[in-house]
Amino acid sequence: PSWLVCLRTNLSLFFPQILLCFSAVKSFSSPAAPLISSASRRSQATAAPRHSTMSNNIAMEEEDGFGAKKLFNQGFSYTYDDVIFLPHYIDFPTDAVSLSTKLSRNIPLSIPCVSSPMDTVTESHMAAAMAALGGIGIVHYNTTPSAQAAFIRSVKSRRVPIQSSPIIFSPDSRIVNEFDDPAVPCVLVTESGKPNSKLVGYVARSDWSGEKQGAKLSDYMRPADESLVVPSNYDLDKLDSHLKQQERERDFAVLAEEGGVVDVVTKEDVEKVKGYPKLGKGTVSSDGSWMVGAAIGTRDSDKERLELLVKAGVDVVVLDSSQGNSIYQIEMIKYVKRTYPQLDVIGGNVVTMSQAQNLIAAGVDGLRVGMGSGSICTTQEVCAVGRGQATAVYKVASVASQSGVPVIADGGIQYSGQIVKALVLGASTVMMGGFLAGSTEAPGQYVNKLGMHQDGTRVKKYRGMGSLEAMSKGSDQRYLGDKSKLKIAQGVVGAMPDKGSVLEFIPYTMQAVKQGFQDLGASSLPSAHELLRSQTLRLEVCLAPLSLLVVSFLNFLRWHARN
């Protein structure tokens with residue numbers, strides 16, 4: 001009957017989680033494994049007076065929560081939302097919390113944030129913004145090797161987290177409808193009509209009129225003078241000063257380097273960035289350029305891609321695979337370390353200790369942890385393989401820390417509390433996709449989706465690299481299926497609402513993370529890890545599935561009463 005189908009569906013959704021929770025409670029409270037520290041056991045054995053009060057006895061026998069070692073060795077796979085930390089002791093202000101960390105053995109960061117190598121998350125604009133914030137961006141490889149190398153060069157050549165797409169023509173070209181876009185301040189003219197050639201002139205928006213539509217640019221363009229062009233390594237303060245001096249002439253400047261045009265920056269762009277929380281030095285390499293990473297695969301063709309990336313100045317490479325414990329990745333790790341010994345290489349993805357040990361033995365400088373934990377990843381549902389992200393981070397970090405290999409918690413981040421959990425459980429950084437998708441710096445154009453959002457919210461496309469759409473562009477090798485005729489989707493395509501700039505919301509997120517660390521009594525990532533290892537920090541399992549079961553059962557009763 002239909003009512004039985006409804007009941008069975010509701011129970012099947014939540015019964016396994018309820019069983020897991022009650023099994024966990026039973027195992028934690030088992031007399032065979034009482035949660036009493038060794039110090040407590042010793043104190044009990046040393047002749048406690050018989051006249052001790054009952055409250056003292058209770059205090060010795062009872063403890064708040066469980067240590068991480070106890071919690072994560074019960075055979076259960078916990079996500080971030082399955083566990084909660086109990087507060088500890090505070091003896092420092094929030095501003096005393098330091099979130100400085102390492103991405104890999106040799107890449108220090110000011111904040112533990114990494115943008116994911118997804119083609120709807122990280123290209124040059126996102127990577128530049130992440131570096132300016134003190135994190136780092138990993139540029140995706142779902143494009144040609146030359147295009148990926150161009151993204152790297154773009155990041156390395158600038159010192160401001162501002163990026164436009166300047167329109168560049170040759171002197172013989174004609175403007176048609178380029179100024180229909182109100183965001184276009186000018187059209188640049190170079191000798192060849194390409195960025196990598198000499199700038200000879202420009203047409204400002206204020207100079208344009210439809211009457212000139214059929215004329216060659218060379219007939220009416222303004223010549224490029226010294227005040228128009230500034231070095232691409234100008235920082236925000238220098239750009240601001242230059243634009244103020246030139247505001248009577250124009251409200252934009254051209255960033256250029258020896259090889260040609262880099263970008264166009266307007267006074268409005270500079271003022272907008274100045275209105276965001278103040279930026280620090282950022283993540284910079286020894287030559288003062290921003291640090292940036294790139295993802296590559298494990299095929300022979302990726303060795304040629306890697307060569308181009310190294311020439312472009314990449315600082316770290318990430319071997320991108322949904323299951324990194326393979327002969328293909330191990331051989332690529334050894335190749336990278338042998339060919340480019342000064343280049344850090346990050347392996348993964350892994351979720352178990354044995355996977356991590358294999359890649360550490362191969363020579364990785366960092367490990368990426370997560371399998372099926374992303375918001376648009378369906379690996380666990382499609383392949384029945386993976387692990388809850390909280391358990392995966394704790395287990396891998398417990399092994400990696402012994403070798404001094406930093407861990408990147410990849411996926412499952414939706415809000416600041418999950419960042420706190422990932423970092424305290426042993427991760428050095430968190431890699432974010434959906435959390436950054438839809439931002440100003442994410443690739444793609446905004447569109448109004450009236451059908452999806454009745455208020456006409458602007459959205460950008462966000463897709464998993466395991467989606468069939470992304471696979472058609474080349475990401476299928478990430479799933480070791482590039483030679484297969486049948487493509488099996490392990491991700492979906494969606495859209496993210498406009499979130500504004502990462503330069504604005506990431507600083508607020510980091511402040512929330514600092515407050516979480518303060519509540520736990522941890523003033524830094526190393527101190528948080530030590531508090532976890534020493535069993536000082538305690539955790540409990542959240543019984544949210546129980547409330548979900550109750551709600552579902554009540555819904556069933558209402559449905560049955562109506563029918």
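Trainee: Why does lysine 303 count as partly exposed?

Mentor: Lysine 303 has a relative accessibility of 27%. A residue is buried under 20% relative accessible area, exposed over 50% and partly exposed in between (1.4 Å probe, protein chains only). The value of 27% therefore places lysine 303 in the partly exposed class. Please note that this is a predicted model, in which local features need pLDDT of at least 70 and side-chain atom pairs count only at pLDDT 80 or more, whereas totals for chains, interfaces and linings use all residues. Residues are numbered from 1 along each chain as its sequence is written, and side-chain values use heavy atoms, with hydrogens and water left out.

Trainee: What makes aspartate 300 and lysine 303 a salt bridge?

Mentor: The closest N and O atoms of the two residues are 3.8 Å apart. A salt bridge requires a side-chain nitrogen of Lys or Arg within 4 Å of a carboxyl oxygen of Asp or Glu, so this pair qualifies. Aspartate 300 itself is exposed, at 60% relative accessible area.

Trainee: How do you know that the charged end of lysine 303 sits over the ring of tyrosine 335?

Mentor: The charged end lies 4.6 Å from the centre of that ring. The definition asks for NZ of Lys or CZ of Arg within 6 Å of the ring centre and within 35 degrees of the ring normal. Lysine 460 is likewise placed over the ring of tyrosine 446, at 4.5 Å from its centre.

Trainee: Why are glutamate 307 and lysine 311 separated by about one helical turn?

Mentor: Both belong to helix α9 (residues 301-312) and are four residues apart, which means about one turn. Helices (H or I, at least four residues) and strands (E, at least two) are DSSP runs, numbered from the N terminus. The two residues form a salt bridge, with N and O atoms 3.5 Å apart at the closest.

Trainee: What do arginine 250 and aspartate 225 tie together?

Mentor: Their side chains meet in a salt bridge, at 3.4 Å from N to O. Arginine 250 lies in the loop between α7 and β11, and aspartate 225 in the loop between β9 (222-223) and β10, so the pair ties together parts that are 25 residues apart in sequence. Arginine 250 is buried, at 6%, whereas aspartate 225 is partly exposed, at 33%.

Trainee: How do you know which face of helix α7 the buried residues line?

Mentor: The buried residues of α7 (residues 236-245) are Leu236, Leu239, Asp240, His242 and Leu243. Seen down the helix axis, they fall within an arc of 165°, so they line one face. The arc is that of the directions from the helix axis to the C-beta atoms. Asp237 and Gln245 are exposed on the face turned away from the buried side. Asp240 also joins Lys244, Glu271 and Lys274 in a network of salt bridges.

Trainee: How many aromatic pairs does a search of the whole structure find?

Mentor: The search finds five aromatic pairs. In one of them, phenylalanine 72 and tyrosine 78 have ring centres 6.0 Å apart and planes at 80°. Rings of Phe, Tyr and Trp (its six-membered ring) pair if their centres lie within 6.5 Å; planes under 30 degrees apart count as stacked, over 60 as edge-to-face and the rest as tilted. The pair is therefore edge-to-face. Phenylalanine 72 is buried at 2% relative accessibility, and tyrosine 78 is buried at 1%.
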